[in-house]
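Me: Can you walk me through this one? I'll ask as I go.

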Amino acid sequence: MRRFFWPLAILALVVLVVAGVVWGAVPLSARAIAAAVMGHGDPNTVAIVRALRLPRVALAVLVGAALGMSGGALQGSLRNALAEPYLLGVSGGAAVGAVVVVSLGLASPFVLPLGAFAGAALAIVAAIGAARAAGGRADPRVLLMAGVVIGAFANAAIMVLLADAPADTVRGALWWMMGSVAGADWTQVRWLALYTAVGGAALLAMGRDIDLLALGEESAAGLGVDAERAGRTVYLVSSLLAAATVAAAGLVGFVGLVVPHMVRAAGLRRHRPLLVGSAVLGAALVVSADLVARVAHPPADLPLGAVTALVGVPFFLIQLRRFA
Amino acid sequence: MIRFSDVVVRYPRAEQPAVDGVSFEAGRGAITALVGPNGSGKSTLVGALLRLQERAAGAIAIDDASLDSLDRRAFARRVAVVTQREALVFPLPVREYVALGRYPHEGAWRAAGPADVAAQGRAIGLAGIEPLADRRTHELSGGEWQRVRIARALAQGGDALVLDEPTTFLDIAHEMAMFELFARLAHDGMAVLLVSHQLNLVARFADQMVLLDKGRVAAAGAPSAVMQASVLEPVYDWPLVVTHDPAVGAPALLPLRGRGP
């Protein structure tokens with residue numbers, strides 16, 4: 001299984017990326033698309049390919065890669081098979097930020113991601129601060145509980161904010177919460193690429209620390225890791241990475257939870273290969289979910305977050321046998 | 001060698017310090033047993049050694065270096081600690097698990113070299129887990145898992161080994177095999193510091209016993225000196241007699257029936 005993982009995962013990603021560029025509302029020949037990618041041929045085709053499809057697929061790749069790595073790092077360092085950024089308040093905080101921005105009537109494509117990111121960052125800082133104040137030291141359970149509770153608070157806050165909001169605001173907020181890469185542009189792609197590169201590199205650099213954190217804080221300390229500091233750093237970096245994806249594409253659930261389990265099932269257990277594998281598989285999952293989202297029910301796009309969950313849930317149910 | 005000098009550890013909001021001025025030395029080539037009732041400060045002392053518990057006062061030295069002067073990885077190269085509990089959420093093949101013991105030498109980036117592979121092989125041999133090496137951690141019995149954990153600690157390559165109640169859940173054969181292993185490691189020159197509730201076994205295997213009571217050293221010395229009813233009874237707060245085991249000649253403790261109905 002392990003031997004075939006890399007060729008298969010990379011092949012799947014490449015095929016899906018090509019399909020993501022070729023497949024769309026306007027049927028285009030493969031030759032026309034190939035020419036358009038290089039900037040030749042019919043200007044309309046060039047515009048569709050270079051301004052719509054390529055950034056959309058690129059954004060899907062980045063969102064999936066970032067969420068996959070974030071989930072893999074959090075599961076290992078918090079020693080919890082259920083840990084993922086969305087469980088830990090990142091999505092709730094981001095949604096509060098977005099709803100606040102929308103209800104203030106500032107929902108421009110520039111301000112909305114900033115609001116979402118600020119909300120997510122606030123939730124992360126609140127969770128880490130609460131865990132520190134509780135004196136949990138290196139105990140990952142305290143951090144986990146703090147994150148879950150902050151998330152619950154954020155969800156309640158959203159309901160309060162939306163309770164007497166105008167219908168437009170509710171619709172806009174809901175639509176954003178369902179996640180999408182449909183409106184992708186190159187600016188978004190560049191920003192998320194920067195975040196994913198920096199955050200991903202930081203997590204990979206801590207790969208061996210995460211291997212030891214997964215043994216528990218006492219054993220990690222005995223093997224030379226400052227478990228409290230390393231655990232907090234991994235939590236902060238992975239959550240911010242997820243927050244950046246939320247700012248770029250809204251809430252795309254389940255990727256961070258399910259992808260690392262798929263990679264582990266393929267036999268990758270040390271965290272450095274596990275994180276890289278989760279990035280590749282996460283990218284493949286989100287690109288394929290976006291394909292389904294745009295061709296399943298034309299001309300409307302299905303919400304991306306719903307599709308990833310629809311794909312993820314059956315897989316997770318099969319995986320339950322491994323935990324039983 | 002691990003030396004504790006007047007170590008004091010205080011938990012926040014606790015009235016009494018959990019460890020209150022403990023001094024003793026676990027020397028090379030010997031088994032030092034740390035015994036005492038539940039809550040007497042044994043595991044807190046291990047926590048202080050791992051710097052998970054802050055010392056309020058006192059000093060800990062590894063050979064001639066003070067603990068505070070060693071960074072965590074340098075400490076882990078000299079002293080390996082097998083903590084009381086460890087359960088993996090995500091199972092690993094035994095070989096990969098033992099290989100984690102080389103982290104203090106490899107750090108974040110260096111790939112495993114011949115010295116690391118040799119150390120792993122030696123650790124697997126010393127702990128006697130060759131037949132388990134291709135299994136996975138969640139398939140092991142309690143006794144096998146403890147052996148595998150000790151192999152990981154031995155792979156760290158230091159000359160001091162700290163074990164916190166390593167035989168708690170083991171049956172007689174596995175427990176005896178474990179104590180024989182500790183004796184062999186001490187004979188080969190390691191400093192073995194063993195936290196245990198198994199007073200009778202400790203009395204047979206340890207070179208030195210340190211009895212803790214409410215965070216202080218109540219008695220220390222050769223097993224024959226510590227294994228006295230007059231010493232143990234007030235500490236454990238239970239009537240007991242100490243006899244001599246006729247078969248092996250070691251002091252043997254026998255708790256008496258309760259004082260109640």
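Me: Start with B:Phe4 and B:Phe24. Buried or exposed?
Reply: B:Phe4 is buried, and B:Phe24 is buried too. Bear in mind that this is a predicted model.

Me: What sort of aromatic pair do the rings of B:Phe4 and B:Phe24 make?
Reply: A stacked one, because the planes of B:Phe4 and B:Phe24 are at 25 degrees, with the ring centres 4.9 Å apart; the stacked class takes planes under 30 degrees apart.

Me: Where in chain B are the two residues of that pair?
Reply: B:Phe4 is in strand β1 (residues 2-9) and B:Phe24 in strand β2 (residues 19-26). They are 20 residues apart, so the pair links distant parts of the chain.

Me: How many aromatic pairs are there over all chains?
Reply: The search of the whole structure gives 6. One of them is A:Phe5 with A:Trp6, an edge-to-face pair at 5.0 Å centre to centre and 80 degrees between the planes.

Me: And how covered are those two, A:Phe5 and A:Trp6?
Reply: A:Phe5 counts as buried, because its relative accessibility is 7%. A:Trp6 is at 28%, so it counts as partly exposed.

Me: Which residues form an aromatic cluster in chain B?
Reply: B:Phe179, B:Phe182 and B:Phe205 form one.

Me: Switching to charges. Which ring does the charged end of A:Arg264 sit over?
Reply: The ring of B:Phe90, at 3.7 Å from its centre. Another case is A:Arg272, with its charged end over the ring of B:Trp109, 4.0 Å from the centre.

Me: A:Arg264 is listed among the buried residues of α12(A). How many residues of that helix are buried?
Reply: 9 of its 11, which makes helix α12 (residues 255-265) of chain A mostly covered. Besides A:Arg264, the buried residues include A:Val255, A:Leu257, A:Pro260 and A:His261.

Me: What follows α12(A)?
Reply: A:Gly267 comes after the helix, and its phi is positive, near 100 degrees.

Me: Now the surface. Which residues make the nonpolar patch?
Reply: A:Ile10, A:Val14, A:Val18 and A:Val22 make a nonpolar surface patch of about 300 Å². Of these, A:Val14 is in helix α1 (residues 2-22) of chain A.

How values were computed:
Residues are numbered from 1 along each chain as its sequence is written. Chains are lettered from A and ligands numbered from 1 in the order in which they are written. This is a predicted model: local features need pLDDT of at least 70, side-chain atom pairs count only at pLDDT 80 or more; totals for chains, interfaces and linings use all residues. Side-chain values use heavy atoms; hydrogens and water are left out. Rings of Phe, Tyr and Trp (its six-membered ring) pair if their centres lie within 6.5 Å; planes under 30 degrees apart count as stacked, over 60 as edge-to-face and the rest as tilted. Buried means under 20% relative accessible area, exposed over 50%, partly exposed in between (1.4 Å probe, protein chains only). Helices (H or I, at least four residues) and strands (E, at least two) are DSSP runs, numbered from the N terminus. A charge sits over a ring if NZ of Lys or CZ of Arg is within 6 Å of the ring centre and within 35 degrees of the ring normal. Patches are made of residues with over 30% relative accessible area and no salt bridge: like charges are joined within 9 Å, nonpolar side chains (Val, Leu, Ile, Met, Phe, Trp, Tyr) within 5 Å. Accessible areas come from the Shrake-Rupley method with a 1.4 Å probe; for residues, only the protein chains shown count as cover. A salt bridge is a side-chain nitrogen of Lys or Arg within 4 Å of a carboxyl oxygen of Asp or Glu.
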